[in-house]
Amino acid sequence: MNENHKYTLRELTLYFLKLGTIGFGGPVALVGYMHRDLVENRKWISEEEYKEGLALAQLAPGPLAAQLGIYLGFVHYRILGATLIGFAFVLPSFIMVVLLGIIYKLFGGLLWIQAVFYGVGAAVVGIIALSSYKLTLKSIGKLNLESFKSKWLLWLFFILATIITYVTEQEQILLFIAAGLLYMIVKASPKWWNVSTVNSLILAPIAFWNYESTTLTKIAVFFTEAGAFVFGSGLAIVPFLHSGVVVENQWLTEQQFLDSVAVAMITPGPVVITVGFIGYLVAGFVGAVVAALATFLPCYLFTIAMAPYFKKIAKNESVKAFVEGITAAVVGALVGSVIVIAKRSIIDTPTIAIAILSIAALLYYKKIQEPYIIAIAAVLGVFIKLI
């Protein structure tokens, strides 16, 4: 470990505690704040270290901002630093969503709360629709003929995942794995690849997913799987959560799920922290803790396992191709999930208008952040429903 670094572990932990408390704007904004504060202003982290961390966060599954934070904690303070930074970054928003969960459970049946979330739900649909569009452009390519020709296989994965998610209303993990493996084989087939290896990789998640037990165990298994298959944006977890929480296990209603996504957007820190709110609604405080730990554990383990060897891993073309294939399918599933949610949440003229206005505000007013849009939508909901 380098003893000449310019900060103490306590200082770095306090920084991430503060960022987790006041850092709004989603994963892209959060990683931007880290670069501005830690690389440019304080010079605690070098440009090279930051870029390596960002590349690792994009290559490995897990919420982008949390994973980068964990890596930056690992840079000079190894496992202890990664652990403390991970907890410091996630804890403030976890406490907030649990408190909001308590309020939601106590007052969720009141007309004014229902009116608030009537407007908020429509705004959330608009926000995640625009996010899925931007994620598509970033992860696969522009919507033009050249992109369709050069990346036709990725676009095929994207379209298949969109259609299958819309029709089945469930996340298809086997489709994601198959997309990653197929693209890896086509683009950069590794030396170890053979049929028996692929079979074992495909069969593993089947046994994992079909595990039956108590509600808390189901929560732990489900959210661990969700955390292990989310690449990039925190919103990529939406199709996993929607199909598992609403469709398969029926833990929440469609409206409660939308409210959960909204809660994540009005609180600082990683968007994925919505799992804490969902866990609380399903099984109280213990459910919130289990859901949050299960979601962030894969991200943490991947980071500390890969960080020491990342320079070598990052250059592996097979790994890059596998991640590209999975990402195309995951983004397609996000688009399919948005369509499913919109079909049930955009129910009348006012909700259509709020969703469109939310998209327009984000497109034409670049500095406006999601919490402000959701706050305005909440006021509009109350005005439409109660006044």
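**Close-up views of a predicted model**

View 1. Residues are numbered from 1 along each chain as its sequence is written, and side-chain values use heavy atoms, with hydrogens and water left out. Helices are DSSP runs (H or I, at least four residues) numbered from the N terminus. Helix α5 covers residues 111-139; at 1.5 Å a residue its 29 residues should span 42 Å, and its end C-alpha atoms are 41 Å apart, which agrees. The expected span is 1.5 Å times one less than the number of residues.

**View 2. Helix α4 against helix α12.** Helix α4 (residues 64-107) packs with helix α12 (residues 254-266) at an angle of about 140 degrees, and their axes are 10 Å apart. Axes are lines fitted to C-alpha atoms over the stretch in contact, and angles run from 0 to 180 degrees between N-to-C directions. α4 is therefore oblique to α12 (under 35 degrees is roughly parallel, over 145 roughly antiparallel, 65 to 115 roughly perpendicular, the rest oblique). Val97, Leu100 and Tyr104 of α4 meet Gln256, Asp259, Val263 and Ile266 of α12, where contact means heavy atoms within 4.5 Å. Five of these residues are nonpolar, one is polar and one is charged (Ala, Val, Leu, Ile, Met, Phe, Trp, Tyr, Cys and Pro count as nonpolar, Asp, Glu, Lys and Arg as charged, the others, Gly among them, as polar).

**View 3. Helix α12 against helix α15.** α12 also packs with helix α15 (residues 317-345), at an angle of about 115 degrees and with axes 10 Å apart. The contact joins Glu254, Phe257 and Leu258 of α12 to Ile341, Arg344 and Ser345 of α15. By class, three residues are nonpolar, one is polar and two are charged.

**View 4. An aromatic pair.** The whole structure holds eleven aromatic pairs (ring centres of Phe, Tyr or the six-membered ring of Trp within 6.5 Å; planes under 30 degrees apart are stacked, over 60 edge-to-face, the rest tilted). Phe222 and Trp251 form an edge-to-face pair, 6.1 Å centre to centre with 80 degrees between the planes. Phe222 lies in helix α10 (residues 215-228) and Trp251 in the loop between α11 (238-248) and α12, 29 residues apart.

Note on methods. Predicted model: local features only at pLDDT ≥ 70, side-chain atom pairs only at ≥ 80, totals over all residues. Helix = DSSP H or I, 4+ residues; strand = E, 2+ residues; numbered from the N terminus.
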